[in-house]
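Let's take a quick tour of how two chains meet. Have the picture open as you read.

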Amino acid sequence: MNTGQTPEWLLTTVTAVRDLMIKRLEAESLNEDAKREMEMALEELDVMWEELQGQAALLIRENERYAEFFEYAPDAYLITDAGGNVREANQAALDLLKAPRDAVVGKSLTEYIAIGDRVTFLTRTVGLMVGATARSLAWQALIQPAEGDVVTAQFSVRAIPLKKSGVGGLCWLIRPAA
Amino acid sequence: MASDIMDLTVMWLGLRAHVDQLAEERQQYVDFFEQSPEAYVVTDLDGTIRELNGAATDILQKRRGYLRGKPLTVMVALDHRREFRRRMLGLAERQSDQRSWRSVVIAAGERIEVTFTARPIERRDGGLCWLLQAVQ
């Protein structure tokens, strides 16, 4: 798989072409040759513009494909932010918690942990967020779904750094215990 | 002309920022899929492999390039294929709620018992998301 990075040469070239156009204008040397050069530069810009748009379209398709995988993965996955609030939940997670998406996203994950397990759950979660414990860990806890009885589940959690913001999140894999 | 250039520049930078954001989002998805210790395979409804992660290639003992585009059933032992297909089609056609079953794959010449769990993709052309777990 490639990395999905936008090639630097694209931005460098477009910047150079733009600079050339500005210099021509400043020098007021708009004779026929200069005009032709500028037209060519603009055509080149159009080509690069289309290339970047093509890249955006490709990334959108790929992201949709991966988003589908996340959404319909056979395992229950949740992404929580630094404050422990759920940012994303897939279909299997909603099935497990027996709750609609809007009752889960934006809420604290601890709301779905049985009261007796909440302190331990929070301690471990905070330890992972502040780096006091390993980058990933697993343990069992009782889930309290929105309806019905508690369920013993295996929690596997790993930190997921978010590149630009630098704010970390947690990715939770939750499986009912066998 | 100068204002046209400015407009062009603003548009270019906007599109560039958008592409960077998409690329970052894609990388996060790739990391999520690739770095998962769980073995995942995504197939069409007929079982043709679209994508699989590193943990899945570890179980199946085949290169990703070899497996993409092939039916998942080619990895299933001959004596288990009919049963595997029956269950897979039952799930793909929504005639069965049975999402998890054991089967046998042939990996590096060895018979390995694997639990297959699948979930239908309920979008566009559909498909199946699979979890493969080698039975200890």
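Two residues count as being in contact if their C-beta atoms, placed from the backbone, lie within 7 Å. This is a predicted model: local features need pLDDT of at least 70, side-chain atom pairs count only at pLDDT 80 or more, and totals for chains, interfaces and linings use all residues. Residues are numbered from 1 along each chain as its sequence is written, while chains are lettered from A in the order in which they are written.

**Where the chains meet**
- On the chain B side, 35 residues are in contact with 34 residues of chain A.
- Elements giving two or more residues to that side of chain B are α1 (2–34), β1 (39–43), β4 (110–120) and β5 (128–134); helices (H or I, at least four residues) and strands (E, at least two) are DSSP runs, numbered from the N terminus.
- The largest share, 20 residues, comes from α1(B).

**The core**
- The largest nonpolar core has 52 residues, and A:Ala93, B:Tyr40, B:Val41, B:Cys129 and B:Trp130 have the most contacts inside it.
- Such a core is a set of buried Ala, Val, Leu, Ile, Met, Phe, Trp, Tyr and Cys residues joined through C-beta atoms within 7 Å; buried means that 20 or more other C-beta atoms lie within 10 Å of a residue's own.
- β5(B) gives the most to this core, with 5 residues.
- Among the residues B:Trp130 touches are A:Pro74, B:Tyr40 and B:Phe116.

**Confidence**
- Chain B averages a pLDDT of 90, where pLDDT is the predictor's confidence in each residue, from 0 to 100.
- For the complex, the predictor gives an ipTM of 0.86 and a pTM of 0.81.

Definitions and conventions
Buried ≥ 20, exposed ≤ 12 C-beta atoms within 10 Å, placed from the backbone. Lists of a residue's contacts leave out its neighbours within four places in sequence.
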